[in-house]
Amino acid sequence: MDGYDYIVVGGGTAGCVVAARLSEDADARVLLLEAGARKPLEAPPPDWLSLQGTSADWAGTSVVQAATGTRIPWPRGRGLGGSSAINGMAFVRGHRSSYDAWAGAGAEGWGFDDLLPYLRRSEHAEGRDPALRGVSGPLTVTPPSSPHPVSEAALAAAAELGYPAAEDINSGLEEGFGLVDRNIVDGRRQSAADAYLLPVLHRPNLTVVTDATAHRVLVAAGRCTGVEYGVGGEVLTAECRGEVVLTAGTVGSAQLLMQSGIGPRSHLREVGVEVLLDLPGVGANLQDHPRSMVVYSPARPIPATVSGHGEVIGLIRSDLTLEAPDLQIQVLGIPYYAPSLPPSLPVPGQGYSVAFSAMAPRSRGSVRLAAGRPGTAPRLDPNYYGDPRDLTVMAAGLRVARALGSTAALGEWRGEEVLPGPRVKDGDDDGVRAYLYGSLRTYSHQVGTCRIGGDDMAVVDTGLRVRGVDGLRVADASVMPSIVSANTNATVYAIAERAAALIRAR
């Protein structure tokens, strides 16, 4: 196969958007390569956790974390739709301050107001402010029409503690507690593949190849000329006369660049990869939201849900002197806890949970190759709690979660606090630290390994072009200079929409 105008590598959220948008030009031949299945496994929205560890999941695991001494499971979507096909379906923007921080750090033109048209372009948010929210995008997002009774009690609990009610917590402009938008349509998840790609597969100029593992991008005389990939043991080459766009995610895009010889010279030499371009920022700057929880046994049976749990989120400040919110609270009508917790703990089959996460973590990790051979799982080191300030924020989150979970408003549902339980007392710094370490889980919001910027550690410029290579761009969560203060999927849609617009404007 040769002569493509565009090759898009990675059929996750960003890849589905970019391939669909670029193929709107009937004269442009577009190839989309995806390592996973054309039709990944599905589950009803309430059973989304059951997709983790299946063929729809890369099922990675971090290296042993220096702070905690544990390995953390890292679910990532595999197959068309990527993580949008296995995530918790929360569709929420970060607070505008977290986007404006990008521009302040050198990503000029990537502040909240710059990205807003592309945030709006992706969504159809019925009943929201049309000046702020999209009304004609491919992805239908809406809060639950009939909130779960635990969700209603959680909103009352937040008000009881004095937190403001947010009219649209998903907008990027509000703090407080509110019902979160979800990409659920007619009782079924709507992934990026459902919204963007599947409706346009009939286009004769769009070729989608699944079960295709990208080995490396091909570069000649400083220009990307195509992609080498494997299907069923056969090594193939796709030639590109226009641009190659990497949309393989925070792990996959950095991994592919390094496999191609584009990355930090010393590391590439360590693993036996010939250095094509010394680009030290590739794979660095890895960030994720650390997550923990408080779990309660039920005082009465908790009804089943149809919306996938986690209908209520709060975006607040761990310290009132801060200039921007840095803590997310989420209430779930299930016992939700880390797989690393000892199985002997009396976690009930039913219950509710108050999860909390540091939204502006200071810790930085890396993605590195374990070997130069394509197909080898990379080394994932998020370096959780590498910066002790993150632990301080999470300790504040634990206090808020306990206060919320024990309010009178949630009294009719509350049995006992099971996790962390009475053995861990507020003010017991050692006990709190031990619990935060032991209950740690990823929020699956990894970003930053190919960040936008103009300094020596930046990987792409403000046009998402890889520095030092013509005809090669990155357009996924990896380009975020810093993590946004929300679940990241809505922002990935916007990055991909803007990338497609930049490419088509050439």
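## The R133–D181 salt bridge

In this predicted model, R133 and D181 form a salt bridge through their side chains, with an N to O distance of 2.8 Å. The two residues come from distant parts of the chain, 48 residues apart. R133 sits in the loop between β5 and β6 (139–140), and D181 in the loop between β7 (176–179) and β8 (184–185).

Are R133 and D181 buried or exposed? R133 has 0% relative accessibility and therefore counts as buried, the cut-off being under 20%. D181 is also buried, with a relative accessible area of 0%.

E123 pairs with R93 in a salt bridge whose closest N and O atoms are 2.8 Å apart. This pair, too, links distant parts of the chain: E123 belongs to strand β5 (residues 123–124), while R93 lies in the loop between β4 (73–74) and α2 (96–104), 30 residues apart. Both E123 and R93 are buried.

Which residues are linked in a network of salt bridges? They are R93, E123, R128, R133, D168 and D181.

## The R188–E42 salt bridge

R188 forms a salt bridge with E42, and the closest N and O atoms are 3.2 Å apart. R188 is in strand β9 (residues 188–189) and E42 in the loop between β2 (30–33) and β3 (60–61), distant parts of the chain 146 residues apart.

R188 has a relative accessible area of 38%, so this residue is partly exposed. E42 is partly exposed as well, at 47%.

## Total count

The model has 26 salt bridges.

Technical notes
Residues numbered from 1 in each chain as written. Predicted model: local features only at pLDDT ≥ 70, side-chain atom pairs only at ≥ 80, totals over all residues. Heavy atoms only, no water. Salt bridge = Lys/Arg side-chain N within 4 Å of Asp/Glu carboxyl O. Helix = DSSP H or I, 4+ residues; strand = E, 2+ residues; numbered from the N terminus. Buried < 20%, exposed > 50% of the residue type's maximum accessible area, 1.4 Å probe, protein only.
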